[in-house]
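Subject: Structure handover

Hi,

Here is the structure you will be working with. Please open it next to this email and follow along.

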Amino acid sequence: MSEKKFYENGLQFECQRCSACCRHEPGYVFLSKNDLDALVDETGLSEQDFLLKYCRTVDLGGIKRISLIEKKNYDCIFWTEEGCRVYKARPVQCRTYPFWISYLEEEKDWKDLAKSCPGVGKGPIVSKEEIEKRIAERQDEQMLTV
Ligand code: SF4
Ligand code: SF4
């Protein structure tokens, strides 16, 4: 029998469109091959030009991944006053936030997240099935390494 999760009855979440997860603080938006393909299509650039213009390599203790770059103020390179410039092709990391396994192992982590993501605890209930679908969507993606 699988272990009972604290989100067995779902979790309340509704994005408040504050953009806090896209800007102000340094971070990484890692790309999968599918993400890269979608972003290349969306921007109309060649893969090489896209990588040169919008990406950087991040060394995670031996594993090198590809991340989007940030502006000098730490906003994501694709963030604009109107929102995400590549919204339709936004990476899986963005699409599945905040339903990341790192916030869903312990109830405390989910509750703490409300300090930085005001959508936590607001709006309708997102079901356990939907939460697990988002977790799987991210885990199923093969992240790019170099
Ligand atoms: S921080 Fe949370 S509420 Fe704000 S835009 Fe991101 S997901 Fe939405
Ligand atoms: S790609 Fe779009 S959704 Fe993802 S962090 Fe950048 S601006 Fe936000």
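Below is what turned up, part by part.

First, a caution: this is a predicted model.

Start with ligand 1. Its shell includes a run of neighbours: Cys15, Gln16, Arg17, Cys18, Ser19, Ala20 and Cys21. Tyr97, Pro98, Cys117, Pro118 and Gly119 also surround ligand 1. By class, that shell has eight nonpolar residues, three polar and one charged.

Now ligand 2. Around it sit Cys22, Val29, Cys76, Phe78, Trp79, Cys84, Val86, Arg90, Pro91 and Cys94. Nine of these shell residues are nonpolar, none is polar and one is charged.

Next, the strands. β2 covers residues 55-60, and β3 covers residues 63-68. They run antiparallel, joined by six bridges. One pairing to find: arginine 56 in β2 has serine 67 of β3 as its bridge partner. The two strands form a hairpin, with two residues between them. In the turn, glycine 61 has a positive phi of about 60°.

Then the packing. In soluble globular proteins, nonpolar side chains tend to be buried together. Here, the largest nonpolar core has 13 residues. Which of them have the most contacts inside it? They are Cys55, Leu68, Cys76, Phe78, Trp79 and Val86.

Last, look at tryptophan 79. Leave aside its neighbours within four places in sequence, and its contacts are Ser19, Cys22, Arg23 and Cys84. Tryptophan 79 also belongs to the shell of ligand 2.

Best wishes

How values were computed:
Residues numbered from 1 in each chain as written. Chains lettered and ligands numbered in written order. Predicted model: local features only at pLDDT ≥ 70, side-chain atom pairs only at ≥ 80, totals over all residues. Near = placed C-beta within 6 Å. Nonpolar A, V, L, I, M, F, W, Y, C, P; charged D, E, K, R; others polar. Pairing = 2+ DSSP bridges. Helix = DSSP H or I, 4+ residues; strand = E, 2+ residues; numbered from the N terminus. Core = buried A, V, L, I, M, F, W, Y, C linked by C-beta atoms within 7 Å. Buried ≥ 20, exposed ≤ 12 C-beta atoms within 10 Å, placed from the backbone. Contact = placed C-beta atoms within 7 Å.
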